[in-house]
Amino acid sequence: MMKAAILMTVHNRREKTLACLKLCYEQIESLRSEYAFSVYLTDDASTDGTAEAVSREYPDVNIIKGNGSLYWNRGMCAAWNEAAKDAPDFYIWLNDDTLLRQGAFAALLENSSYLRHRAILVGTAVDNSGNYSYGGRTKSGKIIPPDPTIPVTCDIFNGNLVLVPESVYEKLGTMDPFYSHSFGDYDYGVRAEKAGIISAVAPGVLAECDRNPGVPKWRDASYPLKERFRALTGPKGRPPKEQFVYDTRLSNAVVAIIHYVSLLVKVLFPKKNKGVTFTATPSQPLF
């Protein structure tokens, strides 16, 4: 029987985490005769009782305790490193604000088999209006609509719902722990392409997940310049070293410098927050 490890990292979103796990375990139950699943969840020092609630309702979840400074990417690395000790055949990334649709895991696993377990499979999510919110993307960050029946290639991807076969892990390892919160998922797609590994969007819509509303703090004119700059350079913003490394890997150093200058301009000349949606590149749902 093949083994699959589900990787999550959470912080102070107890109800969302439990709702996500409920649907996750429904998927596991439907595939239990074919696959052995394990869940590895990094709780990055939640103070709302998330870890306790998960342990109580899902006692077989492997909880890795963070110190509050791991954030999304390094939390995922911690879960991944723990899961790798059991040598599973698949690793499935799952964000706790992502609600799986029926058959999501089955679709990822079936299409992985179709691609001979040598490709990364990305699940597409829609928001509550039915618009594509997260999934596979072009290098410029444009989301790629899924085909209803066959996988389609993508360049980079959001980490909300992703299947990584063991053959890919052998070549790429985990996400790069150099990154703190964002960048790790997009960077994994860049690294995969350079290693000759295909990233593909699985057929159909597999999950539901709303986008983060409003402009980010570092672009919000209602905050003073000092706070905007702190938000830009903080773990959940665009830390300069992380942004530079990602842009260099994606393009080159010249593009990386130009891009960061443009970010600074946006901090200096912010927009008024009118409730519009702004999708960062790369983006991760905030804790």
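I began with glutamate 26, which has its place in helix 1. Helices here are DSSP runs of H or I with at least four residues, strands are runs of E with at least two, and both are numbered from the N terminus.

I noted that the model is predicted, that local features need pLDDT of at least 70 and side-chain atom pairs pLDDT 80 or more, and that totals for chains, interfaces and linings use all residues. Residues are numbered from 1 along each chain as its sequence is written, and side-chain values use heavy atoms, with hydrogens and water left out.

**Entry: glutamate 26**

I looked up the accessibility of glutamate 26 and found a relative accessible area of 43%, which is partly exposed. The term buried stands for under 20% relative accessible area, exposed for over 50%, and partly exposed for what lies in between, with a 1.4 Å probe and protein chains only. I then compared positions: glutamate 26 and leucine 100 are 74 residues apart along the chain, and their C-alpha atoms are separated by 9.5 Å.

**Entry: helix 2**

I recorded Thr50, Ala51, Ala53 and Val54 as buried in helix 2, which spans residues 50–57. These residues lie on the same side of helix 2 because they cover an arc of only 165° around the axis; the arc is that of the directions from the helix axis to the C-beta atoms. An α-helix has 3.6 residues a turn, so residues three or four places apart point the same way. Glu52 and Arg56 are exposed on the other side of helix 2.

Which elements cover the buried residues of helix 2? I found that the cover includes strand 1 (2–10), helix 1 (14–30), strand 2 (35–43) and strand 3 (62–65), where contact means heavy atoms within 4.5 Å.

**Entry: aromatic pairs**

I searched the whole structure and found 15 aromatic pairs. Rings of Phe, Tyr and Trp (its six-membered ring) pair if their centres lie within 6.5 Å; planes under 30 degrees apart count as stacked, over 60 as edge-to-face and the rest as tilted. The pair of tryptophan 80 and tyrosine 91 is tilted, because the ring centres are 5.3 Å apart and the planes stand at 45°. Tryptophan 80 belongs to helix 3 (residues 71–84) and tyrosine 91 to strand 4 (residues 90–94), so this pair ties together parts that are eleven residues apart in sequence. Both tryptophan 80 and tyrosine 91 are buried. I also noted a cluster in which ring pairs link Trp80, Tyr91, Trp93, Phe157, Tyr169 and Tyr188.

**Entry: positive phi values**

I found tyrosine 71 in helix 3, with a positive phi near 60° in a residue other than glycine. At 22% relative accessibility, tyrosine 71 is partly exposed.

Arginine 116 follows helix 4 and has a positive phi near 60°. I placed arginine 116 in the loop between helix 4 (104–114) and strand 6 (120–126), and recorded it as exposed, with a relative accessible area of 59%.
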